[in-house]
Amino acid sequence: MIDFKNITQSSSLYNFHSHSPFCDGHAPIEEFIIEAIKSGFTHYGVSPHSPIPFFSPSNMPAEKVEQYISEMDRLKRTYSSKINIYTSMEIDYLDTWGAFNNYFQEMPLDYRISSVHFIPSFNSDEYVDIDGNFENFNKKMVQYFDNDIEGVVKSFYKQSTDMVDKGGFDIIGHFDKIGHNASQFKQGIDQQPWYNKLVANLFEAIMDKGIIIEINTKKWSTDKRLFPNAQFFTLLKKYDAPVIINSDAHYPELINAGRFEAMKLYEEAI
């Protein structure tokens, strides 16, 4: 069992959310590890997007899992004297599919992240990725969701709450991420009371389960946005929620991007 609390409260440099060519990362895992060592990291976790029951270009195919586990075992043996390396996955939640399934529980993972990237279409049985860039999100709003942005936000938070209720994971990935695309579609939507209430309700569910909350810095460099957004840090501080700050890196040079800024904003939150 990883002592996340001790790691995050010490002066250790860490990152527990990163990707690789096994999913949609842009460099071999070893390059991420070498960069982490050069940058002074003491703890580094790799978390490719998990297999899902249909094709997605961003997700690892099930037939690649054994190869991924084998490569992580090799890297642990190779670099164990220089850095603590952890094998993980960012597991998608799709109602009957998620971290709670035996398929994922029986994998030799050191910890599990769970996230919502897909929500059900409003006019078909299809699951739709609403996590991408805004241009694609905007097109999907027309094609799959009748331009009902409030409905999309509510669906995202329902999926997230259901995911938390079913459990099976250690860290919730980038909750509140829908706020980024939603606020571009309808400015100020993430400041409205009903939106804040959805966040608060999800937060309470997370706290009831003792799940670690990720502050995700992936979009800080380009958009000055964190997930959850910094406006919710007071909620995290008020209830002394277990927090971990991750970069969600898809490129080795970004493994530390935005993390110090996020730490400062979190420390300054009242």
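Predicted model: local features only at pLDDT ≥ 70, side-chain atom pairs only at ≥ 80, totals over all residues.

Me: How much space lies in the largest pocket?
Reply: The largest pocket holds about 850 Å³ of space, and of the 41 residues that line this pocket, Asp131, Gly132, Asn133, Lys177 and Lys218 are the closest to its centre.

Me: Which element gives the most to the lining of that largest pocket?
Reply: That is H7, with four residues, while the elements that give two or more residues to this lining are strand E4 (90–92), helix H5 (134–145), H7 and helix H9 (220–223). By class, the lining of the largest pocket has 12 nonpolar, 18 polar and 11 charged residues.

Me: And the second largest pocket, what lies nearest its centre?
Reply: Lys5, Thr8, Gln9, Val243 and Tyr266 lie nearest the centre of the second largest pocket, out of 20 lining residues, and the space in this pocket is about 540 Å³. H1 supplies the largest share of its lining, five residues, and by class the lining divides into 12 nonpolar, five polar and three charged residues.

Me: How many cavities of 30 Å³ or more are there?
Reply: The count comes to one cavity of 30 Å³ or more, and the volume of the largest cavity is about 40 Å³. Its lining includes Phe156, Ser160, Met163 and His174, with H6 giving the most, three residues, and no charged residue takes part in the lining.

Me: Changing topic to H8: which of its residues are buried?
Reply: Tyr195, Val199, Leu202, Phe203, Ala205 and Ile206 are the buried residues of H8. Seen down the axis of H8, these fall within an arc of 160°, so they line one face of the helix, whereas Pro193 and Asp208 are exposed on the other side.

Me: What covers that buried face?
Reply: The cover over the buried residues of H8 includes helix H6 (149–166), strand E8 (171–172), helix H7 (178–185), strand E9 (212–216) and helix H10 (233–238).

Me: Last one, aspartate 110: where does it lie?
Reply: Aspartate 110 lies in the loop between helix H4 (102–105) and strand E5 (113–115), and counts as partly exposed because its relative accessibility is 33%. Leaving aside neighbours within four places in sequence, aspartate 110 is in contact with Ile2, Lys76, Ile85, Tyr86 and Thr87. For isoleucine 85, the separation from aspartate 110 is 25 residues in sequence and 9.4 Å in space, C-alpha to C-alpha.

Methods: Residues numbered from 1 in each chain as written. Heavy atoms only, no water. Buried < 20%, exposed > 50% of the residue type's maximum accessible area, 1.4 Å probe, protein only. Arc of directions from axis to C-beta. Contact = heavy atoms within 4.5 Å. 1 Å grid on protein atoms, 1.4 Å probe; cavity = no way out; pocket = protein on both sides within 12 Å on 5 of 7 lines; lining within 4 Å. Points joined across faces, edges and corners; volume = space filled by probe spheres on them. Nonpolar A, V, L, I, M, F, W, Y, C, P; charged D, E, K, R; others polar.
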